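Work through the exercises below with the sequence and the 3D view open. Try each task before reading its solution.

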Amino acid sequence: MALWMVVVVLLSSLLSNMGFSKEDSSPDDINIGAIFSFGTINGRVSNISMHAAVEDINSDPNILHGRKLVLSTHDSNYSGFLGIIGGLQYMETNTVAIIGPQASGMAHILSHLANELHVPMMSFTALDPSLASLQYPYFIQTAPNDLFQMTAVADIISYFGYREVIALYTDDEQSRGSMIALGDKLEQRRCRISYKAVLAPEAKATRGEIANELLKVSMMESRVIVVHAFAVIGLQVFDLARKLRMMDKGYVWIATSWLSTVIDSTPVSAYKSTQGVLTLRPHTPDSYRKRAFLSRWKKLSNGSIGLNPYGLYAYDTVWTIANAVANFLDNGGTISFSNNPNLIGLGGGNLNLGALSTFDEGSELLRIILETNRTGLTGQIAFDSEKSVVRPSYDIINVVSRGGYKQIGYWSNYSGITVVPPEILYAKGSDRSGSNQRLDDVVWPGQTRVKPRGWVFPNNGRKLRIGIPNRVSYKAVVSKDENTSEIRGYCIDVFLAAIKLLPYAVPHKFVLFGDGRKNPSYSELVRMITSNVFDAVVGDIAIVTNRTKIVDFTQPYIESGLVVVAPTKKFYSSPWAFMRPFTPLMWVVTAAFFLIIGFVVWILEHRINDEFRGPPKKQLITVLWFGFSTMFFAHRENTMSTLARMVLLIWLFVVLIITSSYTASLTSILTVQQLTPSIKGIDSLITSNENIGFQVGSFAENYLNEELNIPKSRLVPLGSPEEYADALDRGRVAAIVDERPYVDLFLSNYCMFQAVGREFTKSGWGFAFPRDSPLAMDMSTAILALSENGDLEKIHDKWLKTSDCGQTSTKDSDQLQLKSFWGLFLMCGIACFLALLVYFCLMLHKFTRHFPQQSENDPSIKRGSKSIRIKRFLSFVDEKEEELKNKLKRKHIEVVPRGSAEDHEPSSVYHDRRNGNSNFY
């Protein structure tokens, strides 16, 4: 048997004996019921508003076509039991809809009855998010449920930059569901509920219990407290908090909408304990109808209580039912009830189960209600596909004094936190960028406008437990002084310097982690934060991905990446050391150009310079001698041709550059100790299949195995610099992989090794704190300040400054390659080509001038043989310039009469007579 059926069976017997009276009504009247605790603020306000709505509806016969709307109210008097009985009462009286109940606990049970009997239930105060589920199709929340309110609270917390909050709430269905929603929304913003202070539900909590819970809260780290309770308990919380001095500076109090309800509806005395508190109020846009109702309120309430938004929702809820019924009737619907077949046969004795009837047209009325789209006192009245009201929004209120409050902004599901009313933003595009998320200034508890930090160190007498790795090597990083038992080192000095820059004291104590015989596992040390063994970890903790998933790190205070350290081999001088400065190709090209230059200069000087003439053997020797003697600028032959001088000038410049570079490189080779590692970097180390050493406790082991897929069988753990050196010397490992700071310290003492390649990871050392710890952010700011003022560098130099030996270059002296000089060779080659081109053009021009004179007297030329022409041209080029001129002069005298020889002398000869031995080639 279903749960609701059990409730019906048990309660119907009681109901038959309780003699509930029913209001007189005619058969044509439309009956609706309301279940509230009318002694509460919302109960009193809602009662007045609902009756005002019924009066307004019945005053216009056109609305329900002359039929009368009858409202029956039932006072649950803070009792869930009485509320359920009230629901059963309405199920007997042909009620078409029920407004309420006020509490979510009753709503969960009565919703099962509503589902079975098809009676829509509408509540604006039972706002547990779970009531909007498909499990309760006949239950409708006509005000924004607490899912939206908790989203607003989470956005406010995130806006002010807080990461941990304490939730103080009553242990009932609505509050539990709301806290679940708050936790989810905070988690989405990387915040969390650090502690849940649970109070007895409704009026059962005593002041002593509340005070004890507040004392626990005061001992906590977080100073951001969210209060979600009924008004009677919430006011006691703030009154006791004021007496416990928890309403002073440093605290942040956020109350849900219950406090705004108290502020709107009760006298000024309600403000005295809530100064500085932030609270939410359901937002209802300004309108003429709303102002008119406000003007009526004093008369309606006789000044007994002020109007709050839930009074407006009560008024609109009655009108929503009336309009839905009117629409139903206009469409030809009839209101009828019938016996529930599930209850037949369950009667007997005093049970009157037959009186519980099913509303036959309840599903149709429910559909019409959910399709409502009209404007009421609270603004637009409509529901989305999940039965939630559209456009949920809240006013954000700051209680500024005992006599008033100020509105500092709005929250809406559409635009987030803003100072602009939501109804204005609905006409614009949604923009949740940081620049648009803004609130006005807040007056916090203690009458201060300075935003509280939101957390303190727990006031429980316990200092911050800081885990320190108990290192056995590289003790300059962090270690324990055996004489004084003091924890000291580079990391400790950085931490203490950063702590001094914080605007608050940080009581702490260092706790060593490790057995002192080998370096501890740093990953295990970091995991101890998650198990609350340590509150923080300080040391040479590398910031790597798998650690950032479980803790928060500060800003890195030193860069650190993995590098490879390898042994080196020393090069000794050899008989052929002089060949090492140049690559083979460079030697070949250089030698070729010496020959080319000798040959080009010989061509340009051969006709006019006796030093470049003679027997072929002599000329060959001259070419070789002249070309290679330019290497030392020792050529003894003079150059007479302008073109040859130009080529030689450019070549000597090239020789100067080459010889200077050669000299510098050879000097370096012969005077500087050359070290070459057997491993070139991480790539050659991976492919070498040789063993690799790593520091015990370092993340390098996991990185090499998991990221680089190096088998663990190749990884050798080493515990100290001495073990590093011994393993490298004996060949147990081909190289060491470690972090840069350790490598620098190691190489400063062991110069026979060196780092090779580049860092193949980029990371740093930081201090580890629990996830979302506010101290991590403050410490990061302090580390940045240390870096900017130079103190971080001073601390580094104090502990980790290394000698020059540790900074030996990891690169070999590169040989001089052709690519470094190809521009010079190209320039020289172009000069040679142009000089030869100009020279042969001049020779061809001279040959064509003299060849016709020779061809007239030489029959062999007339036959036009090409080979003879070429031989003649080569002979012409090979012939000495002076001999050629004399020969031409003699032939000219023989052909031309003596008296006219002067007038017909060739122009070239005439030029020679005027200028001596001048040449243009």
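Predicted model: local features only at pLDDT ≥ 70, side-chain atom pairs only at ≥ 80, totals over all residues.

Residues are numbered from 1 along each chain as its sequence is written, and side-chain values use heavy atoms, with hydrogens and water left out.

**Exercise 1. Two helices**

Task: Describe how helix H2 and helix H10 are placed relative to each other.

Solution: 
- Step one is to find the helices. H2 covers residues 41-58 and H10 covers residues 288-301. Helices (H or I, at least four residues) and strands (E, at least two) are DSSP runs, numbered from the N terminus.
- Two packed helices are described by the angle between their axes and the distance between the axes.
- Step three is to read them off. The axes of H2 and H10 come within 11 Å and cross at roughly 110°. Axes are lines fitted to C-alpha atoms, for helices over the stretch in contact, and angles run from 0 to 180 degrees between N-to-C directions.
- Step four is to name the arrangement. H2 is roughly perpendicular to H10. Angles under 35 degrees count as roughly parallel, over 145 as roughly antiparallel, 65 to 115 as roughly perpendicular and the rest as oblique.
- Step five is the contact (heavy atoms within 4.5 Å). H2 contributes Val45, Ile48, Ser49, Ala52 and Asp56. H10 contributes Phe293, Arg296, Trp297, Leu300 and Ser301.

**Exercise 2. Inside H2**

Task: Classify serine 46 and valine 54 as buried or exposed, then list what they touch.

Solution: 
- Recall the cut-offs. Buried means under 20% relative accessible area, exposed over 50%, partly exposed in between (1.4 Å probe, protein chains only).
- Take serine 46, a residue of helix H2. Its relative accessible area is 0%, so serine 46 is buried. Leaving aside residues up to four places away in sequence, serine 46 touches Phe36, Phe124, Tyr310 and Ala314.
- Take valine 54, also placed in helix H2. Valine 54 has 9%, so valine 54 is buried. With the sequence limit of up to four places applied, valine 54 touches Leu69, Leu71 and Val318.
- Check one partner. Valine 54 and leucine 69 are 15 residues apart along the chain, and their C-alpha atoms are separated by 6.5 Å.

**Exercise 3. Salt bridges**

Task: How many salt bridges does the structure hold? Work through some pairs.

Solution: 
- A salt bridge is a side-chain nitrogen of Lys or Arg within 4 Å of a carboxyl oxygen of Asp or Glu. The structure holds 24 of them.
- Arginine 281 pairs with aspartate 264, with the closest N and O atoms 2.9 Å apart. Arginine 281 lies in strand E10 (residues 278-282) and aspartate 264 in helix H9 (residues 257-265), so the bridge ties together parts that are 17 residues apart in sequence. Both residues are buried.
- Aspartate 493 pairs with lysine 798 at 3.2 Å between the closest N and O atoms. This pair links distant parts of the chain, 305 residues apart: aspartate 493 is in helix H14 (residues 490-500) and lysine 798 in helix H25 (residues 791-800). Lysine 798 is exposed, at 59% relative accessibility.

**Exercise 4. A surface patch**

Task: Which residues form a nonpolar patch on the surface?

Solution: 
- Start with the rule. Patches are made of residues with over 30% relative accessible area and no salt bridge: like charges are joined within 9 Å, nonpolar side chains (Val, Leu, Ile, Met, Phe, Trp, Tyr) within 5 Å.
- The members are Trp822, Leu826, Ile830, Phe833, Leu834 and Leu837. Together they have about 630 Å² of accessible area, computed by the Shrake-Rupley method with a 1.4 Å probe, where for residues only the protein chains shown count as cover.
- Look at leucine 837 in helix H26 (residues 822-855). Leucine 837 is partly exposed, at 44%.

**Exercise 5. Backbone angles**

Task: What is the phi of asparagine 302, and what kind of peptide bond joins glycine 100 and proline 101?

Solution: 
- Most residues other than glycine have a negative phi, and most peptide bonds are trans.
- Asparagine 302 has a positive phi, near 55°. Asparagine 302 sits in the loop between H10 and helix H11 (309-330), and is exposed at 69% relative accessibility.
- Glycine 100 and proline 101 are joined by a cis peptide bond, with omega about 0°. Proline 101 is in the loop between strand E3 (95-99) and helix H4 (104-117).
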